[in-house]
Amino acid sequence: VTPAGPRLSGPEMAEIVAGLQAAAEASVGPVAEVTRLGADAPGPMLVVDRANWVDANCAMVSRLLAEASGGVGPRPSGLTGRLEAHANGVQLGGAMAFLATRVLGQYLPFAVEPALLIVAPNVAAVERALGVDRPDFRLWVCLHEQTHRLQFARAPWLRDYLVRATGQLLSAPQTFAPQALLRGGSLVDAVTSPEQRGTFDRISGVMALLEGYADVMMDRVGPDVVPTVAEIRRRFERRRSRGGLYAALNRLIGMDLKLAQYRDGAAFCTAVIGRVGVDGLNAVYEGPGLLPSLDEIHDPQRWVARVHG
């Protein structure tokens, strides 16, 4: 059910693929300089279409779930179990189909071989919709994903930390409370139990840090590298904050939580850099005990006081 994306001629396809490949390579140096995380990161940088993005994510999710459950994934039994398994597959497939039309790029830390993916048709669609400078926008997108690549290279323990947290999330008692949807909540509210909520908040704090850090750094690279960065950010945020049906759908599938991670994480990183600089913020990559909690994401001074005295 995933549409292929904007119609492009053969030369247009070749141009955007070549442009994104060049942007991915060009993003390595500026990100290493502004983040001070170093430039060594494993895995390829690939330009893909929507179908390949779905394939890569299904493979990664399958591996993540197997690792998180101790190497043995759940096996449906009986008619009810098989029906539930099919329902879960349809739900995940629908979510993947929707996300495949919106994700510009992604770093896959849980894949067999970690990789950075840039989704060419989505970049093509958004750069046209925003009316921005196309080479600048492509580099700007790659700067964000390149930052994620360096985050996991700087903190190799982070991958296993998130795998263990996912395992704790899966092992807690399951629940489904459809009344949460009727109260205007998200799908996440409907399917997380009180036992799961603490782990979910811990994962949310880490994700807010990762996404907010990347958002801040892609802009800190500055106009010397991306001349129209301020205009790109202004137009992109206007698109991201759309209301109406778009906002309602985001809330239903939990994407509003993802957008909040960008916003709250960026505010946290900006505040911490203002107090202790980029090197002070980079303490988060030294070990799990230095990661901010979700409460600290919303109160950066608490994290600064705890970590830097």
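Figure 1. At 0% relative accessibility, W303 counts as buried, where buried means under 20% relative accessible area, exposed over 50% and partly exposed in between, with a 1.4 Å probe and protein chains only. F268 likewise counts as buried, at 0% relative accessibility. The view is drawn from a predicted model, in which local features need pLDDT of at least 70 and side-chain atom pairs count only at pLDDT 80 or more, whereas totals for chains, interfaces and linings use all residues. Residues are numbered from 1 along each chain as its sequence is written, and side-chain values use heavy atoms, with hydrogens and water left out. A search of the whole structure finds six aromatic pairs, a pair being two rings of Phe, Tyr or Trp (its six-membered ring) whose centres lie within 6.5 Å, with planes under 30 degrees apart counted as stacked, over 60 as edge-to-face and the rest as tilted. One of these pairs joins W157 and Y161 in an edge-to-face arrangement, 6.3 Å centre to centre and with 90° between the planes. Both W157 and Y161 are buried. The rings of F268 and W303 have centres 5.7 Å apart and planes at 75°, so this pair is edge-to-face. Because F268 lies in helix 13 and W303 in helix 15 (residues 300-308), the pair ties together parts that are 35 residues apart in sequence; helices (H or I, at least four residues) and strands (E, at least two) are DSSP runs, numbered from the N terminus.

**Figure 2. W157 and Y161 within helix 7.** W157 and Y161 are four residues apart in helix 7 (residues 157-171), so about one helical turn separates them.

**Figure 3. Surroundings of F137 in the nonpolar core.** The largest nonpolar core has 76 residues, and W53, F137, W140, L158, Y213, F268 and L281 are those that touch the most other members; such a core is a set of buried Ala, Val, Leu, Ile, Met, Phe, Trp, Tyr and Cys residues joined through side-chain atoms within 4.5 Å. With neighbours within four places in sequence set aside, F137 is in contact with L104, V123, V126, E127, L130, V132, I232 and F236, contact meaning heavy atoms within 4.5 Å. F137, W140 and F236 also form one aromatic cluster.

**Figure 4. Salt bridge between E127 and R138.** The side chains of E127 and R138 meet in a salt bridge at 2.8 Å, N to O, a salt bridge being a side-chain nitrogen of Lys or Arg within 4 Å of a carboxyl oxygen of Asp or Glu. This pair links E127 in helix 5 (residues 120-130) to R138 in helix 6 (residues 134-154), eleven residues apart. Both ends are covered: E127 is buried with a relative accessible area of 2%, and R138 is buried with a relative accessible area of 3%.

Figure 5. R36 is placed in the loop between helix 2 (28-35) and strand 1 (45-48), and its phi is near 60°, a positive value in a residue other than glycine. Most residues other than glycine have a negative phi. D279 forms a salt bridge with R36, in which the closest N and O atoms are 2.7 Å apart. Since D279 lies in helix 13 (residues 255-281) and R36 in the loop between helix 2 and strand 1, the pair ties together parts that are 243 residues apart in sequence. D279 counts as partly exposed, at 46% relative accessibility.

Figure 6. Strand 2 (residues 105-108) and strand 3 (residues 115-119) pair in the antiparallel sense over four bridges, where two strands pair if DSSP finds at least two bridges between them. The two strands form a hairpin with six residues between them, and the bridge partner of G105 in strand 3 is I118. From strand 2, G105 and Y107 point one way while Q106 and L108 point the other way, and all are buried. In a regular strand the side chains alternate between the two faces of the sheet.

Figure 7. The structure holds 15 salt bridges, including the one in which the side chains of D264 and R263 meet at 3.4 Å, N to O. R263 is exposed, with a relative accessible area of 54%. Salt bridges that share partners join R63, E67, R159 and D160 into one network.
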